[in-house]
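Please find below a short note on the model under review.

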Amino acid sequence: MVPSSFGWILSGSRSHATASFNPTVHSINVDTLTHELDNMLRNFWDFESIGIQPIQEKLRLSTHNAELLTNFHQSFKIIDGRRVVHLPWKPEVKLTYSNYDTAIHRFNSWTRRIHANTELKQKYAKQMQDYVDKTS
């Protein structure tokens with residue numbers, strides 16, 4: 001017997017054996033598959049266990065999602081080979097025509113930041129002066 005990576009194997013010559021060579025093949029088939037193991041394997045490969053559901057179950061949408069899907073299908077177009085669709089907007093959100101408040105907030109935030117960092121303030125002042133010099 002010789003050890004191998006697959007386990008022990010029989011190897012060597014049979015020259016010292018006195019018995020005549022009469023090859024025999026023994027086959028053993030053990031069927032251990034039970035109904036329980038079959039179900040476990042079926043559940044392992046079942047798509048629902050990883051969140052993939054059949055189309056019929058997937059289409060149970062809330063009213064809001066159904067409206068979004070309808071709007072998507074209505075606005076979907078192909079223009080010059082590109083797919084175009086409208087973005088979904090929340091109806092309760094009103095867009096303002098002026099971004100004045102946002103601009104003031106950003107300006108104040110930038111002012112606080114630049115006054116807290118003198119190196120940044122100097123770089124900014126130099127950059128602005130270069131811009132003024134080039135445009136005048």
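The points below cover the basis of the model, its fold, its salt bridges and its surface.

1. This is a predicted model, in which local features need pLDDT of at least 70 and side-chain atom pairs count only at pLDDT 80 or more, while totals for chains, interfaces and linings use all residues. Residues are numbered from 1 along each chain as its sequence is written, and side-chain values use heavy atoms, with hydrogens and water left out.

2. The protein has five helices and four strands, where helices (H or I, at least four residues) and strands (E, at least two) are DSSP runs numbered from the N terminus. Their order along the sequence is β-β-α-α-α-β-β-α-α.

3. Of the 136 residues, 1% count as buried; buried means under 20% relative accessible area, exposed over 50%, and partly exposed in between (1.4 Å probe, protein chains only).

4. The whole structure holds two salt bridges, each a side-chain nitrogen of Lys or Arg within 4 Å of a carboxyl oxygen of Asp or Glu. In one, the closest N and O atoms of Glu119 and Lys123 are 3.5 Å apart. These residues lie four apart in helix α5 (residues 118–135), so about one helical turn separates them.

5. Lys126 pairs with Asp130 in a salt bridge, with the closest N and O atoms 3.3 Å apart. Lys126 is exposed, at 54% relative accessible area, whereas Asp130 is partly exposed, at 28%.

6. Ile78 belongs to strand β3 (residues 77–79). Ile78 counts as exposed because its relative accessibility is 55%.
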